[in-house]
Amino acid sequence: MVSRNVVVSDTTTGIITVSNVSNSSVFSPSAQKPPTAPGYISISKKKILKNLEINGAQSQRLNSWVDSMRASSPTHLKSLPSLSSQEELNSWIKRHPSALDMFERITEASRGKQIVMFLDYDGTLSPIVDDPDRAFMSSKMRRTVKKMAKSFPTSIVTGRCIDKVYSFVKLAELYYAGSHGMDIKGPTKGSSGYNKDKPSVLYQPAGDFLPMIDEVFKQLVEKTKSTAGAKVENNKFCLSVHFRCVDEKKWSELALKVRSVVQNYPTLKLSQGRKVFEIRPMIKWDKGKALEFLLESLGFENCNDVFPIYIGDDKTDEDAFKLLRERGQGFGILVSKFPKDTSASYSLQDPPEASDGFLATVGRVEINAAIKEQMKGF
Ligand SMILES: [Mg+2]
């Protein structure tokens, strides 16, 4: 009996793990023939093994992985409206109501507390577009975030590297937690009242991984160059392989290529998000830890008068949503038009709803409150 590594995708966490299993189950006749129902991709095991030089990858597990990729990137649901999907959506919205509809309750819960705002970038402040280098935020969104940052400490928490996301956001007064929180910087000196006399670079927990990340980046570029539409992005402390523009029939092939590189680096973790594979150092650090670190940096470590709000659209944002639930402070808002498993309390449909709706309203309420406070003095 021969033991082989297999890829297992957890559809809840998006984490892809490699397990050592016996070949008896992996290469059973039923496992060699993937289901032919709509949505599954039939792919030759021999061809995969030969072309990609991967031992033990098997079609049943592969289908599970591709299904997980679809679940993380649910654009295909747009073309399949049905009564059951509408019922599922209605049920999900009852459990995660629109943050706009719940605004009064949110305002009441935050009364007398310091709101601290955490914002994911892709899919939250900017739309998901085909070219990740052109994921620009609108001028209106920028104005809204700028106004909001005058009222409360505001952080961008993203998988992108700080330089890239800053080139999109262009607001020096914000905190930035790039590379999934592994690169945290404060506002540029003098641009904000929240970081007086504090260093701009706050924390980089994965500094030792930089040479390895660069090495894996080069290998991934080489390995994926034959997959049309695949794009590898170096986010400094982590890597992204975008499959926004890859034909869905090629997703499984791309997944195996990525895995064939990453499996040689046991200290790196491969996970999947919304139309993207993420490769990160295997350290206990995520967007939730970054949120916690920023709250501490701002002096809210053991404070009951703080009300953090985190808005994000992807699996990596779930760590932050969970943290807020555990702390019993503030809440998470998931940006999604589709039902997803989430620890967020509320939902918003898309970036415009987040900008024109929620963020703008929060800003107005805060400004009105400030004016009322000033009026008391007369
Ligand atoms: Mg996002």
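This is a predicted model: local features need pLDDT of at least 70, side-chain atom pairs count only at pLDDT 80 or more; totals for chains, interfaces and linings use all residues.
Close-up A. Strand S13 covers residues 331-335, runs parallel to S12 and is joined to S12 by 4 bridges. Together with helix H12, the strands S12 and S13 form a β-α-β unit that is right-handed.

**Close-up B. Pairing of strands S3 and S12.** Strand S3, which comprises residues 114-119, is linked to S12 by 6 bridges, and the two strands run parallel. Within this pairing, valine 116 faces proline 308 of S12 as its opposite residue.

**Close-up C. The two sides of strand S12.** From S12, the residues Val306, Pro308, Tyr310 and Gly312 point one way, whereas Phe307, Ile309 and Ile311 point the other way, and the residues of both sets are all buried. Because 7 of the 7 residues of this strand (residues 306-312) are buried, S12 is largely enclosed by the rest of the structure.

**Close-up D. Packing of helix H11 against helix H12.** Helix H11 (residues 287-297) packs with helix H12 (residues 318-327) at an angle of about 50°, and the axes of the two helices are 6 Å apart. At this angle H11 is therefore oblique to H12. On the H11 side the contact is made by Lys287, Gly288, Leu291 and Glu292, while H12 contributes Asp319, Ala320, Lys322 and Leu323. Sorted by class, the residues in the contact of H11 with H12 are 4 charged, 3 nonpolar and 1 polar.

Methods. Residues are numbered from 1 along each chain as its sequence is written. Axes are lines fitted to C-alpha atoms, for helices over the stretch in contact, and angles run from 0 to 180 degrees between N-to-C directions. Angles under 35 degrees count as roughly parallel, over 145 as roughly antiparallel, 65 to 115 as roughly perpendicular and the rest as oblique. Two residues are in contact if their C-beta atoms, placed from the backbone, lie within 7 Å. Ala, Val, Leu, Ile, Met, Phe, Trp, Tyr, Cys and Pro count as nonpolar, Asp, Glu, Lys and Arg as charged, and the others, Gly among them, as polar. A residue is buried if 20 or more other C-beta atoms lie within 10 Å of its own, exposed if 12 or fewer, and partly exposed in between; C-beta atoms are placed from the backbone. Two strands pair if DSSP finds at least two bridges between them. A crossover is right-handed if, with the strands pointing away from the viewer, the path from the first strand over the helix to the second runs clockwise.
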